[in-house]
Amino acid sequence: MNSRQGELLTPTPPAPTAGPAGGRPARSVGTGRAHAKLILLGEHAVVYGAPALALPVPQLSITASAGFSTRGEPAGVSFTMTGSAWKQVETQASEGLRRLATDFRASMGIDDARHLDVIIDGSIPLGRGLGSSAACARAVVLALADLCGREISERTAFDLVQTAENVMHGKASGVDAVTVGASAPLLFQAGEARTPAVGCDALFVVADSGIVGSTKEAVGRLRESFRLHAGTQERFVRRASGLTHDAVAALAAGEPEQLGSLMTEYHGVLREAGLSTDRIEAMVGAALAAGGLGAKITGGGLGGCVLALTQPERAREVTQRLHEAGAAQTWIVPLRRLVTHA
């Protein structure tokens, strides 16, 4: 992950004290935390080098606790995921996390061959385009670093999270891996992340459709369409890039109405690509009919969440109409004015 002026850096473990390899003292239990994310514009196109505008969601988080055990396979790792939703995908998620744990030992020079036990607890619903798998992976990375008393660079943390993400979803752009540790909106493109200017206050209503999406399936469907229809990929990426660049400008200028309009237009791009569903369409329509400034699917698609931008005075009505259209649950995520110095 390259660095540029204005880059949004994610949290690192506490400053080192005396300990192994210049790090902190090893602990009996290590802990790590990461949070959810939203993609405002740029889904899918970001995999092909286009920009993506993303927002951290700190109110939805995942915590990992890690410790060494005398039981279990030497140099192995066991994961316990609390909550019924997590248990449904424990096997699939654990495959990527085991790879992550193996790579962590290698990159950090950990020669302790005891078995690792990791407990994961979180409030991010799975398969909703909210970055649950990336947040889980980042929380595990930070828990392992805390356990072993090692300082870990953002480059290493990013690479380890990407290891798990690529196993879970296929080719991952990296935007999720960065945003689940970010503290402000970011613009991500080709491995670089920076903080954009935000010239207005507004609210996002995030509405869960109750339908589990599949990023891997959506990515595969889009890739197959590009393969079958010459020029489709170039048109998709060009249009998506233009909308995202316009959204960054609207955000900086403090024009929420324009930002909302661009979000809705980007939703049309994803719908034309076959990544929406009937319920998602009903929810997008309901948010707009209730006075929302814009609405779109967020994340991979084929289910997941709808993201609606609204003025604060319309948030209650937008939320109510989203529930009437089929939303299983909703969250409010504020957008705060932020001045950056490029």
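Residues are numbered from 1 along each chain as its sequence is written, and the side-chain values use heavy atoms, leaving out hydrogens and water. Since the model is predicted, local features need pLDDT of at least 70 and side-chain atom pairs count only at pLDDT 80 or more, while totals for chains, interfaces and linings use all residues.

**View 1. Arg 128 reaches Asp 208 in a salt bridge.** A salt bridge here is a side-chain nitrogen of Lys or Arg within 4 Å of a carboxyl oxygen of Asp or Glu, and that rule gives 14 of them. In this one, the closest N and O atoms sit 2.6 Å apart. The pair ties together distant parts of the chain, 80 residues apart: Arg 128 is in the loop between β4 (115–122) and α3 (132–148), and Asp 208 is in strand β7 (residues 202–208). Helices (H or I, at least four residues) and strands (E, at least two) are DSSP runs, numbered from the N terminus. Arg 128 has 12% relative accessibility and Asp 208 has 1%, so both count as buried (under 20% relative accessible area; exposed is over 50%, partly exposed in between, with a 1.4 Å probe and protein chains only).

**View 2. Asp 159 and Arg 155 pair up within helix α4 (residues 154–169).** Their N-to-O distance is 2.5 Å. The two are about one helical turn from each other because they are 4 residues apart in the helix. Asp 159, at 35%, is partly exposed, and so is Arg 155, at 36%.

**View 3. Glu 317 meets Arg 321 in helix α10 (residues 315–324).** This salt bridge spans 3.8 Å, N to O. Glu 317 is partly exposed at 29%, as is Arg 321 at 27%. Through shared partners, salt bridges join Glu 317, Arg 321 and Glu 324 into one network.
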